[in-house]
Each structure stands twice: as structure tokens, then as C-alpha cells.
2 protein chains.
Amino acid sequence: MSYGTLYGVGVGPGAPDLLTLRAVRTLESVPVLALPRSSDYGRSMAWQIIEPVIRACPEQERLLLTFPMSKDPERIRPYFETAFSKIGERLERGQSVAFVTEGDPSVFSTFIYLRREAPKRWPGVTIEIVPGVTSITAVPAVTGIPLADGQERIAILPATYGVDDLADVLLKFDTVVLMKIGSEMPKVIEALKRTRLLDRAVFVSHATMAEQRIVRDLSELGAQRGDCFAMVIVSRKDRSGVLAGDVAFSSVADLAEERA
Amino acid sequence: MSYGTLYGVGVGPGAPDLLTLRAVRTLESVPVLALPRSSDYGRSMAWQIIEPVIRACPEQERLLLTFPMSKDPERIRPYFETAFSKIGERLERGQSVAFVTEGDPSVFSTFIYLRREAPKRWPGVTIEIVPGVTSITAVPAVTGIPLADGQERIAILPATYGVDDLADVLLKFDTVVLMKIGSEMPKVIEALKRTRLLDRAVFVSHATMAEQRIVRDLSELGAQRGDCFAMVIVSRKDRSGVLAGDVAFSSVADLAEERA
């Protein structure tokens, strides 16, 4: 059978002008846009991001697919099944389908599940991934605090799956990115206090979007829940030279000091 | 003094159509493009990426700046000094300068040093960062192996600064991204053998570029040096459920098994 192509298209962290040229071209060229949303009655954030920048095409289908936010497989399984069936109907008709993902399709994205399932359901189907700007780099862009340079190491943890060893990770990595904060905020704050890194942490939600929120004093947040677009980035910026080897400098600040 | 704006513009991993709309607009609107290159006589990779997609503008200055690849501060300091002085002359004239960085400006980028130095040299200067597609997500896009989903954790290490504890990191993280491989390749391979993860590793150089190279059997590489665009990504994909808490599934493969 000759299937249509399945695209996973990353559309970036939220600002429509952070789509890539390739994403725009791909989204404008396919007959079917698959648009995830978190409830049957909610808006699709993916559609909200792309609508202002892609050329309207009356013949193009906008296939809204519901993926509830949940860690319970009993609850989400039927939704995935329905979504994959609908996508399969189009691919089997020879139509190409672009599955639109916020951020990048390879980082904590629903597309990953579709990508894995695709070869089993549609043997030989062509799959193309269009990488996008991930929120992991959008956050440093809006805070002005770089993710890593020189010899620095980065750890990225999905906080909703537990932060029990966070203090340990904070001691070993220079930048720690906590994604999917959810209800773990109090535990995150506790670990930051324990490692005396609370003042090195920044909370960012909806980076680059109109709703963007940056909180530099995390104690303000107290027991607030982080939403699924919330991240905490901890930047030690205090360990140049300690990790390994013959490192001479890791910042121009160091250069300037040496120069003085 | 009223300075021009200093932009750090990420132009993505190499394919020109992975520039964002914002990057294109920014690069076309400024009077000065600052283009890093690694030697006085070499080409600028940054210019090579953007040339095919930005509108030629005869009045726009292309300021080529040399930043040699080196960890020796004695060697690089005068180059940074020259580059910052040239950028400063333009900013002081009120001209906006876009410093073009491959990948993203917040991830192991020369712009980070400029970003730190800027407020000291040009007090009150406006700095804007345009995030780009980082090679950290371009590599999974070309290999088809996702970076992380569900509860998985990611570690990003610059290999040139030592990989002595790599075996330990490989045991604690689901995906390990080794950047800046350089001459560390033999040590990387040794650590992968020790942790029996050699077959979970992929070597990628120049992801998304014409020169792209993907090697899935790392023993082929032997003692070859990785260039500065080379990365090794190790994906365990074998620890669903072990890290913490009440995790139910981390892939549709698991879903399918439960369903069967």
C-alpha cells in the first residue's frame, strides 16, 4: 500500500514567528493537519500557534485530536486509539498528514508515541520530523541566562515523575531544567532550599507567548501548581574549572578578571 | 548614550530552511550582521546557513569575526577583544548588530560571552535573543530516536571537558547527549562498552546539513576524532517505570502490550 507521508512538525514554544521556514512550508503543503488538544471542547494550542502564520487553504482538513493530560493509561488509551485510527484512515487514502507539536517533536511530545506506533500500523510509511525551537532554549532566551557554556553540564528532568533525588542532581550539574512542574512545586522549592540554590532558580511559564510569566523569586510561588507549560531552570554558574581537566576559563567575566 | 540593539540570533543546526521567521526578519532588518568564523581565512558557517534564505541588502555590513577553536585563553583573548571592539564601534554609532550563531544562542555559543560582556562595555544596551533550533533536537529528528518522553531524563555533556564519569551518568540518565566530541571518542567508546550501551549509541555529525553523517555502529569510528559538529546520543530506552512514583506507561509500545 502506498501511504501518505507522516510528518511530525515542531512549531516552537508559542510565538508564531518562531516557526521555521520548513515548518511553514510543510504545514502549507499537506492535505491534513493533525492538531492535538487536551480536551474535546478545548482549543488546540498547536493551531493557535500556527494560525497567524500559515496561508489559509480551504481544501486542507484540520483534524482535531484529543489527548487528555493524564498519566493513567486506562484513561488515555482510548483517546490514542481513536487518534491513530483517524490518522491511519488518511494515510491509507494516500494523504500526507502533518502532526503539529508545540516545541520540538522529539522532546516530551505526543508525536513520539505516534512515531513508534506508525511502522507497526502502516508498514513502510515514510516518516519525517521537522525539528522546532524547544522551550528548553526558549526559556534562556527570555530570561537572558544561558543554558550552558564551556564545560558546563545540563540535566533535564520531568518533575511530575518525581524529584526525590533533585538535590543530588543539583550538586552534579551546572544547569538543571525541570519540565512539567505540575504539583511538584513545593518539593522543588524544598530541594532548592536544601542545596542553597533557591536564588539561582527561575520559574518561567508560557515562554515567548502573550501569557509569558517569569518569576525570579520562587518563594513567591509557595504551593502554587505549575501548569504544563511551566519550567524551573536552576543555573549554578559557580563551578568553572571543577568538573574536569585543563579548563582555563568558562566566561568572558573570567577573561576580564584575568585581564585586569 | 543611545546604543543600537544587540541581537543574538540562532539560525539552527545547518539547513537554511530551519531558520525561524523571526530570525529571517531580524537578519534582514539590521544594518550589521556579525558573522563568526574559526579562522581569518575560513568561511563563516553562520553565513553559509543564512545566505540562501535572507534577502540580499547591499547597504548591510557583513562583519566577519574570528573566534579560533581553542581552550587556551591566552590564544583566544585577543580575538574576543578585537571582535567585541568592532561590535562596540557599531553599537556606539547607534547601529543594531545581529550576532549570528549556529544552533541556539543560549547553548554552548560564542554569543554567551558577548551577552555577559555587553552590559559592562555598553551600559544599558538592549539585548534580544532569538532562539533557534538546537542540534540537540536536530539529531533526534534525523535519527528518528526521540530525545525523551514520559518520565525519561536527559543529560547533556560537553565531552571535550572530560568523560571520566560518563559510565556513572549513563546509569542514571535515559538519554545522554555528548557534544563537542573532539579527541574524546576513544574514551566515549570505552565507557559505552563498560556500561554495555555501545549498541544504544548513535554518532551524528553535521545534522541536517549536506555533509550529514550518521554512524550507528560506533566501533566503526575507532580512534577517529569527532569534529566540533559531532555528537553522540545514547538512548537507553529500557527503564520505563524505574525512576520514581506511580508511572504507568512511557510508550505506546507499552500500551500495545497491555492491550494484547
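Two strands count as paired here if DSSP finds at least two bridges between them. Helices (H or I, at least four residues) and strands (E, at least two) are themselves DSSP runs, numbered from the N terminus.

A quick word on the ground rules. This is a predicted model, in which local features need pLDDT of at least 70, side-chain atom pairs count only at pLDDT 80 or more, and totals for chains, interfaces and linings use all residues. Residues are numbered from 1 along each chain as its sequence is written, while chains are lettered from A and ligands numbered from 1 in the order in which they are written.

**The sheet shared by both chains**

Angles in general run from 0 to 180 degrees between N-to-C directions, and axes are lines fitted to C-alpha atoms, for helices over the stretch in contact.

Within chain A, strand β7 (residues 175–179) runs antiparallel to strand β10 (residues 230–235), and four bridges join them. A:Val177 is the residue opposite A:Ile233 in β10(A).

**How the chains meet**

How many residues of chain A are in contact with chain B? There are 59 residues of chain A in contact with 59 residues of chain B, where contact means that the C-beta atoms, placed from the backbone, lie within 7 Å. The elements giving two or more residues to chain A's side are α1 (21–29), α3 (73–92), α4 (111–121), β5 (127–130), α5 (135–143), β6 (154–158) and α8 (252–259) of chain A. That side of chain A divides into 34 nonpolar, 11 polar and 14 charged residues. For this tally Ala, Val, Leu, Ile, Met, Phe, Trp, Tyr, Cys and Pro are nonpolar, Asp, Glu, Lys and Arg are charged, and the others, Gly among them, are polar.

Two copies of a chain are related by a rotation about an axis and a shift along it. Here, a rotation of 180° with 0.0 Å of shift along its axis puts chain A on chain B, with an RMSD of 0.0 Å. That is the relation of a two-fold axis. The superposition is by least squares on the C-alpha atoms of residues with pLDDT of at least 70 in both copies. A:Thr20 is the residue of chain A that comes closest to the rotation axis, with its C-alpha at 1.9 Å. The copies meet through the same surface, because 100% of the interface residues of chain A are also interface residues in chain B.

| Helix pair | Angle | Axis separation |
|---|---|---|
| α3(A) and α4(A) | about 55° | 11 Å |
| α3(B) and α4(B) | about 55° | 11 Å |

The angle makes α3(A) oblique to α4(A); angles under 35 degrees count as roughly parallel, over 145 as roughly antiparallel, 65 to 115 as roughly perpendicular, and the rest as oblique. From α3(A), the contact takes A:Phe80, A:Phe84 and A:Gly88, and from α4(A), A:Tyr113, A:Leu114, A:Glu117 and A:Arg121. These contact residues divide into four nonpolar, one polar and two charged. In chain B, the crossing of α3(B) and α4(B) is right-handed.

**The parallel sheet of chain A**

Chain A also has an open sheet of five strands in the order β3-β2-β4-β1-β5, with parallel pairing. Why do β3 (61–66) and β5 of chain A each have one side without a neighbour in the sheet? They stand at the edges, each with a single partner strand, so one side is left without a neighbour. From one strand to the next, the twist averages 25°.

Strand β2 (residues 32–37) of chain A pairs with β3(A) in the parallel sense over six bridges, and A:Leu33 is opposite A:Arg62 in β3(A). α1(A) packs on this sheet, touching β1 (6–10), β2, β4 (97–101) and β5 of chain A, and its direction makes about 140° with that of β1(A). α3(A) lies across β1, β2, β3 and β4 of chain A, at about 160° to β3(A).

How values were computed:
Contact = placed C-beta atoms within 7 Å. Left-handed = near helix turned anticlockwise from the far one by under 90°.
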